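Notebook open, viewer open. I want to go through a few spots and jot down what I find.

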Amino acid sequence: MEQKLQAIALEAKNAIGSAQNSDELGQIRVKVLGRKGDLTAILRELGKLSKELRPVMGQKVNEIREELTALLDAKEADMAKHELAARLEAEALDVTLPGESVKRGRLHPLSIVQGEIRDIFIGMGFDVKEGPEIEYERYNFEMLNIPENHPARDMQDTFYIRDGILMRTHTSPVQVRTMLSESLPIRMICPGRVYRSDDVDATHSPMFHQVEGLVVDKGICFGDLKGVLDEFIKKFYGSGTKTRFRPGYFPFTEPSAEVDATCAICHGKGCNVCKGTGWIEILGCGMVHPSILEGCGIDPEVYSGFAFGLGLDRLTTIKYGITDIRLLFEGDTRFLGQF
Ligand code: DAH
């Protein structure tokens, strides 16, 4: 029995010595010290021994149990330390590595210019309205004095959703919507997308942007229109900018005017942006036609108003010297990243 005990002890010590990980150590612990383990088996056999030998062997078994337990514990602690060190090494994060930078988006040039226009008009007490891009033909045309067969319809051919419903060709129908639904006085601008069935080239796109403006109140006159638009253009292009009002024609205003500003590039000397004239056309405007007020339930004997419409894409391309309108709609970040 003594020999068997020594053999168990030796085998266990070797196994502990060569164990590679804590799993193996655990198996050895069970095999040697467990309830069905080698040492327990020996203890069971003690009964076969003489009364004198029994306590002697019993003590030896216990000594060996203690020795092996201590060895296992020590090796296990050692292994845990190494395993932790290995894991820390393997999972190490180098916090000194520079992070991957997140690419930040920025405002589209059209949004920048639209924001500037908004700010200027909000500063003059205007509200900012929105209207639908899919619009009643009636609001887009008839209620703006553009009946069927009117030549203006030719220039504003568009996409029809179905009979009577189309993609709006301008932001002017928002004038009608506002007059129909809001109480007076009205002082609003409305930026938005508009559509026409134009072929794409450097200056045309079937989708583009306008900003509409409308003021309706008692006693509004052409002087108010001139004052507001002159102020807007000076705020937008700089206080040295001059404005020029030329007679124009729009079915929904009477009288109508087209407004030029001195070229922001050459300050009126003449360059290729203003085609040598020193002036750049900015917008169309006029006094709201009495029949339009009437059609929206506003008494033109009591109220009057002015309206204007400007091309946002045009103002943006002029402002930034962009020579091809398509660049605004292609979403190329190499281009858009410059603003
Ligand atoms: N809706 C016109 C267009 O698209 C622009 C315009 C001109 C709007 C004069 C107005 C205005 O409100 O008074 O060509």
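Predicted model: local features only at pLDDT ≥ 70, side-chain atom pairs only at ≥ 80, totals over all residues.

I started with the contacts of I280: leaving out residues up to four places away in sequence, I280 touches V259, D260, A261, C263, V273, C274, R314 and I318. Contact here is heavy atoms within 4.5 Å. Residues are numbered from 1 along each chain as its sequence is written, and side-chain values use heavy atoms, with hydrogens and water left out.

I placed I280 in strand 9 (residues 279–288). Strands (E, at least two residues) and helices (H or I, at least four) are DSSP runs, numbered from the N terminus. Is I280 buried or exposed? Buried, with a relative accessible area of 6%; the cut-offs are under 20% for buried, over 50% for exposed and partly exposed in between (1.4 Å probe, protein chains only). I also checked A264, 16 residues from I280 along the chain: their C-alpha atoms are separated by 8.3 Å.

Next, T241. I found T241 in the loop between helix 9 (222–237) and strand 7 (243–250). T241 is buried, at 7% relative accessible area. Its contacts, neighbours within four places in sequence aside, are I233, K234, A261 and T262. A261 is on the I280 list too.

Then helix 1 (residues 2–18). Which residues of helix 1 are buried? I get L5, I8, A9, A12 and I16. They cover an arc of only 95° around the axis, so they sit on the same side of helix 1; the arc is taken from the directions from the helix axis to the C-beta atoms. On the other side of helix 1, I see Q3, L10, N14 and G17 exposed. The buried residues of helix 1 pack against helix 2, helix 3 and helix 4 (53–90).

Last, helix 2 (residues 22–33) with helix 3 (residues 38–45). I noted an angle of about 5°, with the axes 4 Å apart. Axes are lines fitted to C-alpha atoms, for helices over the stretch in contact, and angles run from 0 to 180 degrees between N-to-C directions. That makes the two helices roughly parallel (angles under 35 degrees). K31, V32 and L33 of helix 2 meet D38, L39 and T40 of helix 3.

Terms used: Parallel < 35°, antiparallel > 145°, perpendicular 65-115°, else oblique.
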